[in-house]
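Work through the exercises below with the sequence and the structure at hand. Try each task before reading its solution.

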Amino acid sequence: MSTHAVRLESAGAAVTVVSAEQAVTDWSARYFGTWWKAAEVDPVSVCAEALVVGTVDDSEYDALALGVTRSPHTSTTYAREQLLLAGNASDGVIRAVSPEGALAYRSEPGTLRLDVIGRVAEDVATATARLAREMMRGLLLRNGWAVLHASAVVHDGRVILTFGGKGAGKTTTAFALASRHGLGLLANDRVFVRSNEQGGVDVLPWPSAAAVGLGLLEGLGWFDTARERLEAGEALHPTQDWRVTEALLTGDRTPLWERGKELKAQVWPNQFTDWFGVPLATEGEAAVLVFPRVVAGAGPAVEETSRTVGDDDFMIGKTEDRYPDVFGLVGFDGGGTRAARQSVGRLLSGLPHHAVVLGHDVTANADFLAKVTGCA
């Protein structure tokens, strides 16, 4: 049986995804793509690198799942599902099973190898990509990087970072500048950051699918493109709610809500470029900070604020509880060391700050933001 391998690389850190199922490695290649320089490699050349192995095999899953349930184990929640854990990092091997997801895991933190075993190729591919990203996070954090909660676009190597909680306008700011002014999209929701020897802050992407509301899709001029692609048989990310897909296919641009949460289109990273013509950037240096506020009916404008970067802007503590470090891939707080966060926060606080009010006119927002941030 042939084996396939895809190597992910960013800032000198590398993780390789290996599987006998090409669908598993193709998933990682598509998901990380340009952002983490995903490239097929000869599986024979993979030896000492950090490794995530995806296996689709009923009997292997059954054996590992049975071994976990018959051993002393604990229960936790991982990726919104129950996870049973046996062993720990000090034992050298951590075994786990998610009965609901029919996925089993075997992690060797000391050798940076993690096996994902399941019954369904797409489920294995999704979990393998998720854990490859977690392994890369661990490598980068140990190299002094931290994880910042911000969107980011790049213009001539200068990174515009946008801050705020849900609904503040991070996505609107990034996509408006990327789609209307050709800036490279570095991240939609979070980035890796590290102070450099020149007294600046280097920024790297955190690859992820992006949630885009139907109204924003329309404002960006992307709605009809998405509809045409879906009608041609292509698909958005499988985490997308079926009602969003139906709305796109029927041309219904009315925002969808459920229990106070907007249901959004889930866009694969490569689709930003392939569908919407937005380039993806791989790195840059922080230059400008934006703190937006979206107000329906408002025109874009600058406003006064004392807001600056603080510890709450880093992805630490409860913000990372969806993927706790149960497999020993990171080894400390998932947002980076306190020293790394403090160094970055101090440097970012010295950069130009712009608090802005944005409306729902994407073109007006984009032109205003381009002028304010100096990338017009």
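**Exercise 1: Helix H6 and its end**

Just after H6, Gly233 takes a positive phi of about 105 degrees. The model is a predicted one.

Task: Find which residues of H6 are buried, and what they pack against.

Solution. 
- Step 1. Helix H6 covers residues 223–231. Its buried residues are Phe223, Ala226 and Leu230.
- Step 2. Viewed down the axis of H6, these buried residues fall within an arc of 65 degrees, so they line one face of the helix.
- Step 3. An α-helix has 3.6 residues a turn, so residues three or four places apart point the same way.
- Step 4. Turn to the face of H6 that points away from the buried side. Glu228 and Glu231 are the exposed residues carried there.
- Step 5. Look for the packing partners. The buried residues of H6 pack against helix H5 (214–220) and helix H7 (242–250).

**Exercise 2: The length and cover of H9**

Task: Check the span of helix H9 (residues 338–349) against 1.5 Å a residue. Then list what covers its buried residues.

Solution. 
- Step 1. Pick out the buried positions. In H9 these are Ala340, Arg341, Ser343, Val344, Gly345 and Leu348.
- Step 2. The cover over these buried residues includes strands S10 (146–148), S12 (158–162), S14 (191–195), S15 (201–205), S20 (284–294) and S22 (353–358).

**Exercise 3: Strand S1 and its partners**

Task: Describe how S1 pairs with S2 and with S3.

Solution. 
- Step 1. Start with burial. Strand S1 (residues 4–10) is mostly covered, with five of its seven residues buried.
- Step 2. S1 pairs with strand S2 (residues 13–19) in the antiparallel sense, over seven bridges. In S2, Val18 is the bridge partner of Ala5.
- Step 3. Inspect the turn. The hairpin of S1 and S2 has two residues between the strands, and Ala11 takes a positive phi near 55 degrees there.
- Step 4. S1 also runs antiparallel to strand S3 (residues 39–40), joined by two bridges. Ala39 in S3 is the bridge partner of Arg7.

**Exercise 4: The surroundings of Asp115**

Task: Find which side chain makes a polar contact with the side chain of Asp115.

Solution. 
- Step 1. Locate Asp115 in strand S9 (residues 113–118).
- Step 2. With a relative accessible area of 12%, Asp115 is buried.
- Step 3. The polar contact is with the side chain of Arg113, at 2.9 Å.
- Step 4. Set aside the neighbours within four places in sequence. Asp115 is then in contact with Val53, Ala104, Tyr105 and Arg106.

Technical notes:
Residues numbered from 1 in each chain as written. Predicted model: local features only at pLDDT ≥ 70, side-chain atom pairs only at ≥ 80, totals over all residues. Heavy atoms only, no water. Helix = DSSP H or I, 4+ residues; strand = E, 2+ residues; numbered from the N terminus. Expected span 1.5 Å × (residues − 1). Buried < 20%, exposed > 50% of the residue type's maximum accessible area, 1.4 Å probe, protein only. Contact = heavy atoms within 4.5 Å. Pairing = 2+ DSSP bridges. Arc of directions from axis to C-beta. Polar contact = N/O pair within 3.5 Å; in protein donor to acceptor, adjacent residues only side chain to side chain.
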